[in-house]
Amino acid sequence: MKPEKALIFEMSRPGRVAYSLPECDVTEIETSSAIPEAMLRRKPAELPEVCEVDVIRHYTELSRRNFGIDNGFYPLGSCTMKYNPKINEDVARFAGFAKIHPYQPEESIQGALELLYTLQNDLAALTGMEQVTLQPAAGAHGEWTGLMLIRAYHESRGETRTKVIVPDTSHGTNPASATVAGFETVTVPSDAEGMVDLEALRAAVGSDTAALMLTNPNTLGLFEKRIVEIAEIVHDAGGLLYYDGANSNAIMGIARPGDMGFDVVHLNLHKTMSTPHGGGGPGAGPVGVKRELVPFLPRPTVIRREDGRYGWDWDRPRSIGRVKAYSGNFGILVRAYAYIRTYGPEGLRRVSELAVLNANYMRSRLSPYFDVPYPGVCKHEFVLSGKRLKEHGVRTLDAAKRLLDFGYHPPTIYFPLNVEECLMIEPTETESKETLDAFIETMIRIVREAETDPQLVLNAPHTTAVKRLDEATAARKPVLNCSCGV
Amino acid sequence: MSKHRYLPMTEQDEAEMLKTIGVGSVQELFADIPPSIRYSGVLPISGRLDESALLKHLRGLADRNADFERHACFLGAGLYDHHLPVVVNHVISRSEFYTAYTPYQPEISQGELQAIFEFQSYICELTGMKVANASMYDGATALAEAAALASGATKRKRVVVSRAVHPEAREILMTSARGLGLQVVEVGCRDGVTDLARLAEAVDDDTAAVLVQTPNFFGGLEDIRAIEPLVHARQSLLVMSVNPMSLGLLEAPGELGADIAVGDAQPLGIPASLGGPTCGFFAVSEPLMRRIPGRIVGQTTDRDGKRGFVLTLQAREQHIRREKATSNICSNQALMALSASVYLSVMGKAGLIEVARLNVRKSHYAAGRLASVPGVTLPFGAPFFNEFVVKLPAGTDVTALNAKLLQAGFIGGYDLGSAYPELEGHVLLAVTERRTKDEIDGFVRETEACL
């Protein structure tokens with residue numbers, strides 16, 4: 001067990017510095033001669049005073065108390081925690097990408113614009129869409145952007161459509177994005193097979209339906225096989241289909257949302273395209289649309305002019321406007337482009353095939369030990385129910401915590417909401433059979449432990465920097481900063 | 001496809017795994033996809049490149065951009081060419097940080113959680129606010145979220161925004177206001193700052209919030225001490241968008257009565273990167289704590305009583321509340337928040353003041369030098385931090401001027417005529433601590449020669 005780690009503020013010693021700034025080579029005016037005293041800070045910000053070595057040791061120690069994909073297997077369902085290639089990190093740091101400004105003259109950023117233009121087209125081809133905007137900064141941001149596009153589309157046809165339909169297995173961001181875009185959410189149940197219940201969908205659609213939001217494969221890891229019929233039901237009612245791209249890693253080059261009948265799609269580049277998750281971000285959530293929705297895309301888009309030069313297209317009078325400052329998370333887009341080019345079209349197809357193979361292999365091997373709510377092949381992820389463990393007083397949460405002792409990040413737990421004691425496992429294509437086998441053996445071992453020595457599981461984790469934390473008190477009596485100097 | 005360095009699957013593995021599953025081929029695993037929607041061709045996307053060719057290709061694209069290493073940048077408008085302390089990149093290159101996701105499992109994520117807790121502490125310390133979140137996409141979307149929060153908290157549907165707020169932030173506000181059914185009222189400027197008389201007229205009893213930026217888009221410092229009473233007299237909320245580096249010298253929003261303080265942490269060690277990823281920050285007064293969007297980290301104890309950190313107040317969030325959530329934000333800009341934290345750790349109490357003072361001195365020197373060029377004037381009298389407006393001689397083509405400056409090794413200023421028709425021939429210039437006297441003098445000489 002590690003001792004408590006000091007906060008950087010607690011390491012401060014007056015007089016130490018870690019910065020190096022240039023000497024002032026211009027007139028050394030007093031600040032108060034430029035800015036009225038009433039606008040100046042009366043009390044300096046109490047930032048820590050440390051040396052450079054303190055900074056490095058502090059953050060290095062924090063990094064040692066953190067777990068990323070480079071530390072080990074991270075089968076967090078719906079998050080596609082695949083290997084994050086190092087070349088992506090190197091190229092995004094090239095000065096020609098990292099140290100440029102979007103307001104520079106177009107002729108001085110032709111390389112950046114060409115990259116954006118090519119990526120826009122690659123993502124459009126991958127999803128079967130007409131055009132793509134790269135502005136949204138994350139999946140949820142893409143959802144909101146897509147719903148605003150759908151809203152603009154309906155309004156342009158003189159229609160007021162107020163409802164967005166989501167399945168009960170949808171990501172929490174779907175209904176939240178619908179609310180922020182000004183829609184009411186209608187939830188439809190899943191049927192016994194884990195698919196959208198078509199009768200419920202038929203009953204839910206109507207002249208007020210703006211869109212159905214769907215993940216396909218869905219969050220249970222199942223391909224919605226009746227997607228063509230679903231699309232017909234929604235389109236016949238005058239609604240549009242929104243594709244939540246969180247699970248795109250299953251279908252690249254195999255099936256395209258555009259061909260399934262979807263009208264708007266977002267991709268999570270931090271999932272499918274390997275740009276790192278960054279401890280919670282930054283990601284990127286580009287949005288693609290079918291032809292009828294192109295006029296509404298956020299401003300500006302990137303275009304290739306007749307003379308072959310690239311530029312921003314501001315002339316989009318029907319645009320929903322802007323959704324993010326400047327040109328999206330460009331540094332993430334550079335990484336995604338590098339990733340696409342390490343594979344090419346056949347390679348991306350192979351990625352999806354192997355992601356699905358790995359998931360099915362794990363599901364087959366774990367099936368005897370857990371309840372499998374939805375039998376049959378899965379796509380890139382699958383769900384198990386840990387309800388059998390409850391006989392021994394052990395819950396899915398406990399099993400997940402025990403996995404920490406063996407050096408694994410646990411799967412997603414308690415989602416989707418319709419599966420009791422749910423475990424959602426997504427291995428991704430970058431894991432070897434040995435890694436999968438070792439994880440499977442560990443899961444089986446934990447099942448045995450639950451049967452023979454439940455306390456061992458209930459008290460887990462035993463080997464981490466801290467033990468289970470008191471989340472209830474954290475929420476009831478919030479301590480949200482160290483209040484230094486306040 | 002031949003072997004690929006990211007894919008460990010061997011033929012033998014594949015055969016064994018298929019056997020375990022009980023299928024004859026990988027294709028059988030896709031039998032549930034109806035044939036009518038299967039994609040049979042080869043995707044028409046960019047082709048595969050080996051590692052060496054990919055590096056060369058991307059280096060080629062990067063080299064076609066004029067970067068701040070080879071050009072002296074006088075462009076700001078919300079994104080600045082500040083010095084990036086070397087250690088920042090080293091810390092955020094630790095893959096324990098950048099290959100992790102949101103710290104859902106606190107026992108193995110104490111590093112990220114503590115780093116976010118420290119980020120929240122830094123933002124509270126800089127802004128003088130009580131509560132800060134774990135970050136937003138950028139300063140502009142944070143401002144739009146502030147308007148949404150204010151509307152929810154006051155049960156009012158009207159927000160007043162100064163035209164001296166960044167034009168792109170106002171555009172995003174307009175887009176998001178349409179979704180939320182908010183009315184946005186813009187208030188004009190006078191002498192490069194918000195027109196207080198018009199602001200007083202615009203704020204009424206239905207006004208949820210007044211949104212101002214300081215230093216504003218023109219670089220000018222708003223008189224918040226005069227604005228605050230106009231806002232609170234109507235029980236509206238005061239939302240301040242601030243440049244965090246300027247807070248080394250300028251009074252904290254919390255001390256000035258702000259209810260919500262937002263901004264972009266890009267000046268704190270984050271490269272401009274064509275505008276992203278940067279890092280929005282969001283801080284509120286205590287009464288608004290449970291309405292703040294996004295992730296928040298709180299301190300607690302483990303079973304042994306040891307200090308630890310967890311994601312907290314999650315009852316606000318989309319994964320619990322779904323359609324009743326206060327915001328739809330899920331992932332944020334955590335790694336960029338880490339950059340900002342490392343930057344503030346490096347600068348410390350004295351460094352942040354010193355760098356802010358350098359910005360004031362360099363920009364004032366540059367403004368003085370430019371004002372001595374015949375025909376060039378400083379049209380606004382408001383005090384400024386590191387950015388200011390110059391008015392060029394009538395008829396100056398700013399695009400042509402910037403093209404010539406680029407040839408001479410300078411990235412010129414922002415043409416204000418593009419977003420403010422009344423400011424044609426006005427240029428917004430930023431001068432950071434990175435600009436030397438020689439560069440400033442050279443820029444002034446070149447500008448004079450081009451006029």
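Is Ser135(B) buried or exposed? Ser135(B) is buried, because 32 other C-beta atoms lie within 10 Å. The legends below describe close-up views of a predicted model.

**Figure 1. Ser135(B), a residue with positive phi in a loop of chain B.** Although Ser135(B) is not a glycine, its phi is positive, at about 130 degrees. The residue belongs to the loop between β2 (131-132) and α6 (139-154) of chain B. With 32 other C-beta atoms within 10 Å, Ser135(B) is buried.

**Figure 2. Glu421(A), a residue with positive phi in a loop of chain A.** Glu421(A) is not a glycine, yet its phi is positive, at about 50 degrees. The loop that holds Glu421(A) runs between β11 (412-413) and β12 (422-425) of chain A. Glu421(A) counts as buried because it has 20 C-beta neighbours inside 10 Å, and the cut-off for a buried residue is 20 or more.

**Figure 3. The surroundings of Lys467(A), in contact with residues of chain A and chain B.** Lys467(A) is located in the loop between α14 (454-458) and α15 (471-476) of chain A. Leaving aside residues up to four places away in sequence, Lys467(A) touches Pro461(A) in chain A, and Glu107(B), Asp302(B), Arg303(B) and Asp304(B) in chain B. Lys467(A) has 20 C-beta neighbours inside 10 Å and therefore counts as buried. Another lysine, Lys401(A), is 66 residues apart from Lys467(A) in sequence, with a C-alpha to C-alpha separation of 9.5 Å in space.

**Figure 4. The cis peptide bond between Asn216(A) and Pro217(A).** The omega angle of this bond is about 0 degrees. Pro217(A) is placed in the loop between β4 (209-214) and α9 (227-236) of chain A.

**Figure 5. The cis peptide bond between Thr214(B) and Pro215(B).** Here omega is about -5 degrees. Pro215(B) falls in the loop between β7 (207-214) and α9 (224-232) of chain B.

**Figure 6. Helix α5 (residues 110-127) of chain A and the glycine that follows it.** The 18 residues of α5(A) reach 26 Å from the first C-alpha to the last, close to the 26 Å expected at 1.5 Å a residue. The buried residues of α5(A) include the leucines Leu113(A), Leu115(A), Leu116(A), Leu119(A), Leu123(A) and Leu126(A). Also among them are Gly111(A), Ala112(A), Gln120(A), Asp122(A), Ala124(A) and Thr127(A). After α5(A) comes Gly128(A), with a positive phi near 75 degrees.

**Figure 7. The packing of helices α12 (residues 398-407) and α13 (residues 437-450) within chain B.** Two packed helices are described by the angle between their axes and the distance between the axes. The axes of α12(B) and α13(B) come within 10 Å and cross at roughly 130 degrees; the two helices are therefore oblique to each other. Their crossing is right-handed. On the α12(B) side the meeting residues are Leu401(B), Lys404(B) and Leu405(B), and on the α13(B) side they are Glu446(B), Thr447(B) and Cys450(B). By type, the residues of this contact comprise 3 nonpolar, 1 polar and 2 charged.

**Figure 8. Helix α11 (residues 330-366) of chain A against helix α1 (residues 11-21) of chain B.** The axes of α11(A) and α1(B) come within 9 Å and cross at roughly 50 degrees, and the helices are therefore oblique to each other. The crossing is left-handed. From α11(A), the contact draws on Leu357(A), Asn360(A), Tyr361(A), Ser364(A) and Arg365(A). From α1(B), it draws on Glu14(B), Met17(B), Thr20(B) and Ile21(B). The contact of α11(A) with α1(B) is made up of 4 nonpolar, 3 polar and 2 charged residues.

**Figure 9. The side of chain B that touches chain A.** In this interface, 168 residues of chain B are in contact with 176 residues of chain A. Helix α11 (residues 334-371) of chain B gives the most to the side of chain B that touches chain A, contributing 24 residues. That side of chain B consists of 86 nonpolar, 45 polar and 37 charged residues.

**Figure 10. Chain B as the setting for the views above.** Chain B contains 13 helices and 16 strands, and its C-alpha trace spans about 80 × 55 × 50 Å along its principal axes. Of the 451 residues in chain B, 60% are buried. Among contacts in chain B with a separation of 6 or more, 73% are between residues 24 or more positions apart.

Terms used
Residues numbered from 1 in each chain as written. Chains lettered and ligands numbered in written order. Predicted model: local features only at pLDDT ≥ 70, side-chain atom pairs only at ≥ 80, totals over all residues. Contact = placed C-beta atoms within 7 Å. Helix = DSSP H or I, 4+ residues; strand = E, 2+ residues; numbered from the N terminus. Nonpolar A, V, L, I, M, F, W, Y, C, P; charged D, E, K, R; others polar. Buried ≥ 20, exposed ≤ 12 C-beta atoms within 10 Å, placed from the backbone. Axes fitted to C-alpha atoms, helices over the stretch in contact; angles between N-to-C directions. Parallel < 35°, antiparallel > 145°, perpendicular 65-115°, else oblique. Left-handed = near helix turned anticlockwise from the far one by under 90°. Expected span 1.5 Å × (residues − 1).
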